[in-house]
Amino acid sequence: MLDRHPFFQLFAARLRELAREPGVLFWIFGFPLMLAIGLGFAFRGEQAVIVDVAVLDGPRAAECAAALPADLGFRASVLDAEHAARALRLGKVALVVVPGDAAEASPEFRFDPARPESRLARALVHDALERAAGRVDRVTPRAAPVTEPGSRYIDFLIPGLLGMNIMSGGMWGIGYAIVDMRSKKLLKRLAATPMKRVHFLAAFLATRLVLVLVEMVLLLLFGWLVYDLEPRGSLAGIAGLCVLGACAFASLGLLTATRTAKTEVVGGLINLVMLPMFVVSGVFFSSDRFPEFVQPIVRALPLTALNDALRAAVLEGASLSEQGPRLLVLAAWGVVSFVLALRLFRWS
Amino acid sequence: MSSAIRCRGLVKTFPGKPPVEAVRGLELDVRVGECFGLLGPNGAGKTTTIEILEGLSAPTAGEVEVLGRTWRAHADELRERIGVTLQDTRFTDKLTVEETLRLFGSFYARGRSVEQALAEVELGEKRKSWVVNLSGGQRQRLAVACALVGEPELLFLDEPTTGLDPQSRRQLWDVVRKLKHGGRTVLLTTHYMDEAEKLCERVAIVDHGRVIALGSPAELIRSLGGDHVVEFSFEGPGGAGGAETELARLAGVRAARAEADGFALTVGEPHVTIPALLAHAEATGSALARLATRQASLEDVFVTLTGRHLRDA
Ligand SMILES: Nc1ncnc2c1ncn2[C@@H]1O[C@H](COP(=O)(O)OP(=O)(O)O)[C@@H](O)[C@H]1O
Ligand SMILES: [Mg+2]
């Protein structure tokens with residue numbers, strides 16, 4: 001009978017354990033949706049850019065502030081030198097304008113060129129002051145704002161969140177869970193039975209695959225219903241990527257769990273593995289932002305490969321066969337981690 | 001009579017600075033169908049020994065034969081034929097008793113029914129409870145049930161009642177007594193002498209990784225030379241240093257030892273010794289502050305052999 005089979009029993013036990021732990025369910029399903037909602041709202045496209053500037057108090061301050069009207073997106077406040085400097089330091093304003101005087105007709109801009117919003121403010125303020133001084137524009141481009149599905153921040157975000165969830169699900173769901181069993185001596189107890197090791201590992205992996213597919217459906221459905229983001233690639237292809245990613249990160253999770261019996265230790269290890277990838281692998285912003293010389297490393301990371309592949313599939317409709325190198329990176333991480341993990345694994 | 005467990009020259013040294021010699025040349029013969037106890041203080045090497053016998057760790061040296069097989073050659077077969085409870089396993093909190101048993105049962109080719117195992121440990125009415133909601137005694141009985149679902153010929157129980165309240169201990173003792181029926185062999189470890197006396201047909205007293213005495217509880221106690229212990233303390237000069245040499249010469253005394261709060265005499269017949277003791281007290285100008293007689297126990301055997309008590313060794 002099927003339900004007497006050890007694989008089935010192990011698999012059912014694992015699913016029950018997860019289903020009976022509300023906190024775990026939140027981290028698996030609720031958290032990524034909340035992130036998508038929160039970040040999607042914070043970075044929604046229609047929001048107008050507001051340029052905060054300070055105008056240094058003086059004889060021509062009022063005139064200068066009047067040249068930066070609210071309807072052009074400026075929020076100008078007239079401040080004395082001390083307050084203006086403070087506002088700039090705290091990031092409340094992007095730029096301080098020192099109006100020209102009798103001796104020097106041109107204004108002075110004080111800003112930190114390392115801040116992107118300051119560079120933007122400098123260009124916009126310069127433009128507005130020129131116009132107020134009577135410049136006549138010879139070129140007037142027409143603006144055509146892009147809000148189509150596929151090119152907004154939320155479109156970038158959803159595949160990234162899916163990738164991130166596949167990573168943390170694999171690392172915690174396998175790595176932490178196994179160390180927890182070792183710390184309770186449950187692994188040792190199982191090793192004293194005739195249980196086949198392959199059934200044990202297969203049950204953990206199967207649990208991950210089920211969860212990953214549910215996560216995928218949830219996130220894609222959410223993007224589709226709320227943000228009108230319809231995946232371009234085939235669902236089967238996207239599911240294939242999720243499965244490969246889940247296997248790779250399950251193996252990596254298993255590798256972190258091979259020796260220690262302390263859940264604190266494996267927690268630290270998991271964070272050590274995941275944190276760099278959260279930052280560089282293009283979850284929240286593109287990994288292309290990192291300098292050229294680190295790109296080979298960034299692209300060799302499993303989460304970068306997974307995120308890039310998911311984005312290509314969801315946003316551009318790339319098929320699996322077009323993503324060979326990324327699939328290879330994922331498979332290599334999976335196979336190498338798995339082989340190492342089997343060699344190093346201890347039951348007690 | 002055939003052996004269920006046979007080990008010779010068993011040694012286990014844990015690497016470290018300095019290395020820990022947990023087991024140093026331990027010899028053991030457990031007969032088929034008996035309940036055998038390893039009795040010894042904490043740190044004696046009982047768990048280390050039993051885990052080697054269970055095939056969970058490899059000995060540094062020595063030979064081990066379990067049910068006529070070796071772990072090296074017959075690990076799969078042996079795992080089918082033994083049942084194990086470890087010293088303090090925590091099963092998955094949010095599985096029920098029944099689910100846990102069904103899981104363990106699925107690993108065995110000739111698994112018995114969950115019902116039978118539940119009945120044997122008297123946990124039937126808790127079948128639908130999550131493990132996290134069980135008492136200590138119920139958890140320990142679940143552990144025994146998990147060891148029983150494979151219908152084992154040989155059962156290993158490591159400290160089955162440590163940490164349990166007196167009522168739960170007695171309940172577990174009842175369970176273990178029933179396990180012996182049907183030709184099953186049981187090897188248990190304990191640091192409670194009353195447990196070993198009540199449950200085991202034969203006991204090996206283990207200290208510092210060696211067997212220092214072997215026999216049935218009755219035989220071991222008989223080896224003291226007397227079945228009774230007289231305990232007392234002096235008020236007055238009678239308890240001066242070296243008094244035990246003089247006490248040992250009193251009528252009927254087989255052995256005398258100083259305790260933290262007085263003396264203990266091993267005696268054959270208390271009605272002979274006590275008058276002699278009272279006369280001795282009078283002669284030395286002291287009085288007996290307390291006087292009690294009791295049956296000699298394995299504790300006395302251990303103290304006689306090592307000079308230490310089981311509980312604080
Ligand atoms: N894995 C280990 N590494 C190092 N020392 C150990 C290990 N396991 C047990 N010991 C030591 O071996 C000795 C015997 O331990 P153990 O077999 O658990 O004794 P018992 O079960 O009789 O209380 C103890 O001194 C213990 O500290
Ligand atoms: Mg022990």
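These legends describe views of a predicted model.

**View 1. Overall dimensions of chain A.** The C-alpha trace of chain A spans about 95 × 40 × 40 Å along its principal axes. Its radius of gyration is 27 Å, whereas a compact globule of 348 residues would have one near 20 Å. The secondary structure of chain A comprises 13 helices and 4 strands.

**View 2. Packing and surface of chain A.** Of the 348 residues in chain A, 44% are buried. Take the contacts in chain A between residues at least 6 apart in sequence: 72% of them join residues at least 24 apart.

**View 3. Charged side chains of chain A.** Chain A carries 36 positive and 30 negative side chains. The centres of these two sets are 16 Å apart.

**View 4. The two domains of chain B.** Domain 1 of chain B covers residues 3–217, and domain 2 covers residues 225–295. Their centres, taken over C-alpha atoms, are separated by 40 Å.

View 5. Pro270(B) sits in helix α10 of chain B, which runs over residues 270–283. Pro270(B) counts as buried because its relative accessible area is 18%, under the 20% cut-off. Leaving aside residues up to four places away in sequence, Pro270(B) touches His228(B), Pro275(B) and Thr293(B). Asp227(B) is 43 residues from Pro270(B) in sequence. In space, the C-alpha atoms of Pro270(B) and Asp227(B) are 9.6 Å apart.

Key
Residues are numbered from 1 along each chain as its sequence is written. Chains are lettered from A and ligands numbered from 1 in the order in which they are written. This is a predicted model: local features need pLDDT of at least 70, side-chain atom pairs count only at pLDDT 80 or more; totals for chains, interfaces and linings use all residues. Side-chain values use heavy atoms; hydrogens and water are left out. Helices (H or I, at least four residues) and strands (E, at least two) are DSSP runs, numbered from the N terminus. The radius of gyration is taken over C-alpha atoms; the globule rule is 2.2 Å times the number of residues to the power 0.38. Buried means under 20% relative accessible area, exposed over 50%, partly exposed in between (1.4 Å probe, protein chains only). Contact means heavy atoms within 4.5 Å. Lys and Arg count as positive and Asp and Glu as negative; His and the chain ends are not counted. The place of a charge is taken as NZ of Lys, CZ of Arg, CG of Asp or CD of Glu. Domain bounds come from an automatic or database domain assignment.
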